[in-house]
Amino acid sequence: MTRHGRPAPQIGVGSPSALRDANRRRVLDVLAREGAASQASLARRTGLSRATIFNIVGGLREAGVVSVTEQVRGGRRVAEVQFSRRAGLVLGIDLDHRHLRVAVADLSHQILAERMSPIEPRRTADETMALAAEWVEAVLEDLDASHGEVLGVGMGLPAPIDPTSGEVGSSAILPGWVGVPAAEAMTYRLGMPVVVDNDANLGALAEITWGGSRGCDHLVYLKLSAGVGAGLVLGGRIYRGAAGTAGEIGHTTVDERGALCRCGNRGCLESFVGSEALLTLLRATQPEAESIDDLVRLAATGDAGSRRLLADAGRYVGMALANLCNLLAPSKVVVGGELAATGDLLLEPMREIVRRHAIPAAANTVEIVTSDLGERSEVLGALALVLRDELALSTVLKAAG
C-alpha cells in the first residue's frame, strides 16, 4: 500500500523495470563468467542490441560497477568492459586433508591476494575451519579490504556435498567431516555467505572460467590425487546428480577381485591409482619414497619402476575413462591433481586405452590433456563458484540501482 492508502503498483515480469533488470543481469552474468568483454561481444552473447548494451553499460559505469577502456585489436578500437573494484570481491578456499589455500579476487578475474600452506591431516573439521577463517582474515588484511566488500565465499572439499541438506557426505578422505553442514558452519564463522562444492567440480569450473577450456561445454575434469574424482560439465553447466555424487569415477570397479577400497568395495579405480596405492607399490623398489612428488621426480629421471607404475595407472584410468566417454561423449578431458605433473608418462597409456575401448565416435572426438592451472585449479574453481552464484550477482545488481 502507498501512504495514501492506495494499492502500490505491482512490478510484473513484463514491466519495464523488470525487463531492464533482466537485461542488466544478462550483461553482468557474461562479465562474471568471462572477466571482461567488448560491447560488441556482450551484444552477441546476450542477444541484446548494441544500443541496449550501450545504455546498460553506461548506467553500470555511472553507478561505479563497471569500467570501460579503449583497446586496440587487429587495428580496430574496441570498448572493453569489466567490473570495477567497487563492484566487490570474491573469496575462494581450497581445503584438502593436507593443504589449505585461500585466494581473493575481484569480479574482473584478477587474483589480488593468495596464501597456501600444508596442514596436519589429522585436524578435526572445527580446527580446519577455524584455520581457514584465520586465513580469510589474513588475505583481507593483506588487501586492506573489509567484509562488506566480499560478495561471497566459495569453498572446495574432497567429498560429496548433499545438495538438499548441504552436509558433507560419506568421505574416506575427510571422515571427520561427514554430516557437517560445511556452508552453514563457515558462514557462521566468517559472517559472509559461503557456498561449498566438491573439489573435482571446482576443478572443472576453474577450467571453463580461468583455464584453457573456456567455451568448452562438454568437459570432464579428472582429479588424480589422494583420491580420484571427476567434475562433469554438461551443456556448459556442472552436473552434480541427484545426491551430489556424480563424477565419483574413483569408485568405478575395475577388478571385482581386487584390493579392498576404503569405501568398502573391492577393486575400485582409486585402490589402483590413488596416491597411497601407488606409493605402496613404489616403496618395493624405492623404500624412501614419501610422496607423489617423489614418484614424479623419479619418473622424470628415468626410473624404470616409477615409469611402469605410471603407465599401469594410465591404463587403469583409461578403462574407466573409456566407459565415461561412451556415456557422456565429452569433447575434452582435463587431468589435474598431483599425478598430472607426470604428463605424457601417464596420459599416453590413458589415451591408448580410450582409443581402444571407447566407441570410435567418442574416442576420435575427445582431447585428453593436463590442466594448465596446476595446483591452483581448485581454489580458482572456488572463486568461479561465487562468480556464478545467483546471490552474488543479485547483490551487484542491487548496488547498480
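1. A helix axis is here a line fitted to the C-alpha atoms over the stretch in contact, and the angle between two axes runs from 0 to 180 degrees between N-to-C directions. This definition is needed for the helix pair in the next point. The structure under review is a predicted model.

2. Helix H8 (residues 275–282) packs against helix H10 (residues 304–328) at an angle of about 145°, and their axes lie 10 Å apart. The crossing of H8 over H10 is right-handed. On the H8 side, Leu278, Leu281 and Leu282 take part, and they meet Ser306, Leu309 and Ala313 of H10. The residues of this contact comprise 5 nonpolar, 1 polar and no charged.

3. In general, an α-helix has 3.6 residues a turn, so residues three or four places apart point the same way.

4. Just after H5, Gly191 adopts a positive phi of about 70°.

5. Helix H6 (residues 199–209) is largely enclosed by the rest of the structure, because 11 of its 11 residues are buried. Among them are Asp199, Asn201, Glu207 and Thr209, along with Leu202, Leu205 and Ile208. At the start of H6, a side-chain oxygen of Asn198 comes within 2.9 Å of the backbone nitrogen of Ala200.

How values were computed
Residues numbered from 1 in each chain as written. Predicted model: local features only at pLDDT ≥ 70, side-chain atom pairs only at ≥ 80, totals over all residues. Heavy atoms only, no water. Helix = DSSP H or I, 4+ residues; strand = E, 2+ residues; numbered from the N terminus. Left-handed = near helix turned anticlockwise from the far one by under 90°. Contact = heavy atoms within 4.5 Å. Nonpolar A, V, L, I, M, F, W, Y, C, P; charged D, E, K, R; others polar. Buried < 20%, exposed > 50% of the residue type's maximum accessible area, 1.4 Å probe, protein only. Polar contact = N/O pair within 3.5 Å; in protein donor to acceptor, adjacent residues only side chain to side chain.
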